[in-house]
Amino acid sequence: MPPFCAAQTDHLTAFSDPSRLWGNGIERVIEEAYRLFFKTRIIDGRVFNIRMPFAENHERDIFTDTSWEFLGSGKGSPQMLWPVIEDLIDSASFREYLDVLSSGREQVIIFDLPAQSWSSTTDLFDIARMKAGSYRGLPHKPYVLVNGRGIQESDLYNYLYCVGHVGVDCSGFVWHILSYIGRHGGIDLGGVLSRALGVPRGADASYYAGTSFFNSRSSHIIPVDDKISNLRPADIILFRGRDGEMAHAAIIQSINYSIGIIRYLQSTDEAPLLERGAHESFIYFNPANTGVSLSDPSLTWTQRRFAPFPGEKDSAFSGDGERYRAYSEHGGGRVVRLRPLLSIIDR
């Protein structure tokens, strides 16, 4: 069977109708936008629910003389990226990759991001070192140990990210969800914000809507007191970096005040292996006490943070809660709201 067969998978969907779970409010609209970052496909005889990888320019070029860019610079839309991903999965290189993964032999896959290539070795010394935790990879050359028993979801992610250079970064992910909300309500968000974003005539606004804009003093950005009682769907959660600037963005999809759950969505590669890329995350709170800040340690943030590839240096934070509270000397995390979407969200 070919690695990708669209005719066999047209009838497959990754999820059921969003309205069955989320009704017809803003939560459903955000959920619809989120599901655009997933595709169900048959690969090597197995059904895979493919999630859009995370991809950020210059994330891994620290030890290289030249830099490289991901397709769309991490700002590409799902509509632009999925046809490219399908072509990658149908390529001869991917077929060779599948053969190695199904060879029945343990091997080490060595990815070369600048060259957009991969190689493999069955050297017993290399395999033993990986098993012993002696990682030989570099940021631009990740090493991955595989067991030869067939492709796994993490193997597919590794190929799309390292060889295909496809994916979306955190702010690109948030922007596309916000844009989807705008389109649903009849607003061209890129057009409305083009001047505030400094978009040149004829350019795509998504390439200019970075985390720095969400953290800006623009009149289009509304700071929100991050008490749980003040939050609403489509609010943007910002996580600060060590330099005081915001380094990561996520978006709230729903808040269940009766049982105490906030569901937020994000794209990041600092996550459990099977959650790298676009994924959902949760915050649990006491429904009887909604006056607490998101930085309150009584809240339970379930999202854990790990190195993007096993063996690499772990994230500086154990989870999103710790990351949100970090750098309190600079103000810690914050929440903002996009003014042009208020009327749509209210409806």
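**Reading burial and contacts in a predicted model**

Mentor: The buried residues of helix α7 are Ser154, Asp155, Leu156, Tyr157, Asn158, Tyr159, Leu160, Tyr161 and Cys162, where buried means under 20% relative accessible area, exposed over 50% and partly exposed in between, with a 1.4 Å probe and protein chains only. This is a predicted model, in which local features need pLDDT of at least 70 and side-chain atom pairs count only at pLDDT 80 or more, while totals for chains, interfaces and linings use all residues. Residues are numbered from 1 along each chain as its sequence is written, and side-chain values use heavy atoms, leaving out hydrogens and water.

Trainee: Why is helix α7 described as largely enclosed by the rest of the structure?

Mentor: Helices are DSSP runs of H or I with at least four residues, strands are E runs of at least two, and both are numbered from the N terminus. Helix α7 spans residues 153–162, and because nine of its 10 residues are buried, the rest of the structure largely encloses it.

Trainee: Is Gln303 buried or exposed, and which side chain does a polar contact join to it?

Mentor: Gln303, in the loop between β11 and α12, counts as buried because its relative accessibility is 3%. A polar contact is a pair of N or O atoms within 3.5 Å; within protein, one must be able to donate a hydrogen and the other to accept it, and residues adjacent in sequence count only if both atoms are side-chain atoms. Here the side chains of Gln303 and Ser281 are joined at 2.6 Å.

Trainee: What does Ala196 contact, leaving aside neighbours within four places in sequence?

Mentor: Contact means heavy atoms within 4.5 Å, and on that basis Ala196 meets Phe213, Ser218 and His220.
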